[in-house]
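Let's take a guided walk through a protein fold, one piece at a time. Keep the picture open beside the text and look for each part as it comes up.

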Amino acid sequence: MNIDFYPSIEPFKSYMLDVDDTHSIYVEECGNPNGEAIVFLHGGPGAGCGKKARRFFDPEFYHIILFDQRGCGRSKPFLCVENNTIFHLVEDMEKIRKHIGIEKWLLFGGSFGSTLALTYAFHHPERVKKMFLQGICLSNKEDLLWFFQRGGLSEIYPEVFKKFEDFIPKDEQTNMLEAYYKRIHLSDNEELKRNACKVWSDYELRVMESEMPPINPEILPHDLSLALIETHYFYNKMHWDDNNYILNNAHKIKDIPCSIAHGRLDFNCRLYSAFKLIEKLENYELVVVEGAGHSPFTEKMSKVLIKFLEEYKEENGR
C-alpha cells in the first residue's frame, strides 16, 4: 500500500465563489472530477491552504476540493472578520457543495479543520459519507487556557512562551488572549498590530513540532491572517453559546464513520481531546501516532492519514 505523499498536482479548476455581499472565497478542484468527492479543511482559523495539502489524495480516485476560508489565503477581502464565524464557514461549505453539484462528500480536516468538519457534520449529517480527522480541537475554554495562559503549554515550551508573554505588559498577562485581541483588533497603532500578529504567529509555529524550520523574520501575510482571525474566533469563544459545543453535539453524528489520527506529542491540541470525543461516537477508528506532534505534514502523521485514505479507496474502489 502506498503511504507516501502523491506527486504535486495543479487544479483542473480554480475560481472565486461569492458567498455573501462581503466575502468571495477561493476554491480549487483537483484530481478526478468524476471521483470520490473529498473536501480539505485547513486549520487556524486563518491559515489558508497550501499546495502540499493536495498531495494526501490519489488524484485518480479522489475529486479533491480545497478552499481558503473567509479572510485568509486567496479569499477576499483579506483579513476581513465581518460575517466571519464558524457558522458562516459551514454555510460556505454548503455553497461549494451545491455549486459543484455534489450529493455527499468526505471531510478531511486537522486542528481547527477538525472543529469545522465536526460542526458542519452536526448541521448537515446527511451530506457526510465519512470524516478523516487529525489533531482534534475542541476549541473550548480549557483548550484556550492550556495554549495561551501560563500553567499549560508554557511548562513544555517555557522559553518560547516567555517571548509570547513578554510582549504583553505584566499587568495584562493574566488574560493573554484579551491582551493580544486588544492590540490586534482595537489598537490604532498599525506597527503594534503587525508586531503583535508576528509574535502570535511565531509562538504557534514554534510549538507545533519539536523540530521546526527557522521562523521567517519578516511579517508575512500568513502571520497577519492567522493572528487576526484566530483572536477574532477565540476571544469571542468561537461564537458559540456553549463552552463544550463539540462534545455536547457529538451525539448527532455518532453513526458517521470517522477515522482519527492524533499525535502523542501534539501539545497544540491535546490527545485528551480526541479521547473525550470518541466517548460520544460509535463508528470510529482512533490511531495514536507515537512521536508525532501537531502538523499533518510530518512523515509519521502523513503516513497514517494517507493510509486512512488508501484503505477507503480499496474498500470503495470502482
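How are H6 and H7 oriented to each other? Keep in mind that this is a predicted model. The two helices pack at an angle of about 85 degrees, with their axes 8 Å apart. H6 and H7 are therefore roughly perpendicular to each other, since angles from 65 to 115 degrees are given that name. On the H6 side, the contact is made by Arg 194, Cys 197, Lys 198, Trp 200, Ser 201, Asp 202 and Glu 204. Among the partners on H7 are His 222, Asp 223, Leu 226 and Phe 234. Sorted by class, the contact of H6 with H7 has 7 nonpolar, 3 polar and 6 charged residues.

Let's zoom in on one member of that contact. Ser 201 sits in helix H6, and at 0% relative accessibility it counts as buried. Leaving aside neighbours within four places in sequence, Ser 201 is in contact with His 222, Asp 223 and Leu 226.

Helix H5 (residues 176–186) and helix H6 (residues 190–206) pack at an angle of about 140 degrees, and their axes are 8 Å apart. That makes H5 oblique to H6. H5 brings Leu 177, Tyr 180, Arg 183 and Ile 184 to the contact, while H6 brings residues including Leu 192, Ala 196, Val 199 and Trp 200. By class, this contact has 8 nonpolar, no polar and 2 charged residues.

Which residues of H5 are buried? They are Met 176, Leu 177, Ala 179, Tyr 180, Tyr 181, Arg 183 and Ile 184. The buried residues of H5 pack against helix H3 (141–148), helix H4 (158–166), H6 and helix H7 (221–235).

**The sheet**

Now find the strands. An open sheet of 8 strands has the order S1-S2-S4-S3-S5-S6-S7-S8, with mixed pairing. Strand S1 (13–18) and strand S8 (284–289) stand at the edges with a single partner strand each, so one side of each is left without a neighbour in the sheet. On average, neighbouring strands are turned by 20 degrees against each other, direction ignored.

Here are some of the strand pairs.

| Strand pair | Bridges | Direction |
|---|---|---|
| S2 and S4 | 5 bridges | antiparallel |
| S3 and S4 | 5 bridges | parallel |
| S5 and S6 | 7 bridges | parallel |

Strand S4 (residues 62–67) is mostly covered, with 6 of its 6 residues buried. In a regular strand the side chains alternate between the two faces of the sheet. Both faces of S4 are covered: Tyr 62, Ile 64 and Leu 66 are buried on one side, and His 63, Ile 65 and Phe 67 on the other.

Helices lie across the sheet too. Helix H2 (residues 112–123) lies across strand S3 (36–41), S5 and S6, and runs at about 140 degrees to S5. Helix H9 (residues 271–278) lies across S6, strand S7 (258–263) and S8, at about 165 degrees to S8.

**A buried arginine**

Is Arg 97 buried or exposed? Arg 97, in helix H1 (residues 86–100), is buried, with a relative accessible area of 4%. Not counting residues up to four places away in sequence, Arg 97 touches Ile 102, Glu 103, Trp 105, Tyr 120 and Arg 127. Arg 97 and Ile 65 are 32 residues apart in sequence and 9.4 Å apart in space, C-alpha to C-alpha.

**The cysteines**

A disulfide is a covalent bond between the sulfur atoms of two cysteines. How many disulfides are there? The count comes to 0 disulfides. For Cys 258, the nearest cysteine sulfur is that of Cys 137, 15 Å away. Cys 258 is buried, with a relative accessible area of 3%. For Cys 269, the nearest cysteine sulfur is again that of Cys 137, at 4.1 Å. Cys 269 also counts as buried, at 6% relative accessibility.

How values were computed:
Residues are numbered from 1 along each chain as its sequence is written. This is a predicted model: local features need pLDDT of at least 70, side-chain atom pairs count only at pLDDT 80 or more; totals for chains, interfaces and linings use all residues. Side-chain values use heavy atoms; hydrogens and water are left out. Axes are lines fitted to C-alpha atoms, for helices over the stretch in contact, and angles run from 0 to 180 degrees between N-to-C directions. Helices (H or I, at least four residues) and strands (E, at least two) are DSSP runs, numbered from the N terminus. Angles under 35 degrees count as roughly parallel, over 145 as roughly antiparallel, 65 to 115 as roughly perpendicular and the rest as oblique. Contact means heavy atoms within 4.5 Å. Ala, Val, Leu, Ile, Met, Phe, Trp, Tyr, Cys and Pro count as nonpolar, Asp, Glu, Lys and Arg as charged, and the others, Gly among them, as polar. Buried means under 20% relative accessible area, exposed over 50%, partly exposed in between (1.4 Å probe, protein chains only). Two strands pair if DSSP finds at least two bridges between them. A disulfide is a pair of cysteine sulfur atoms within 2.5 Å.
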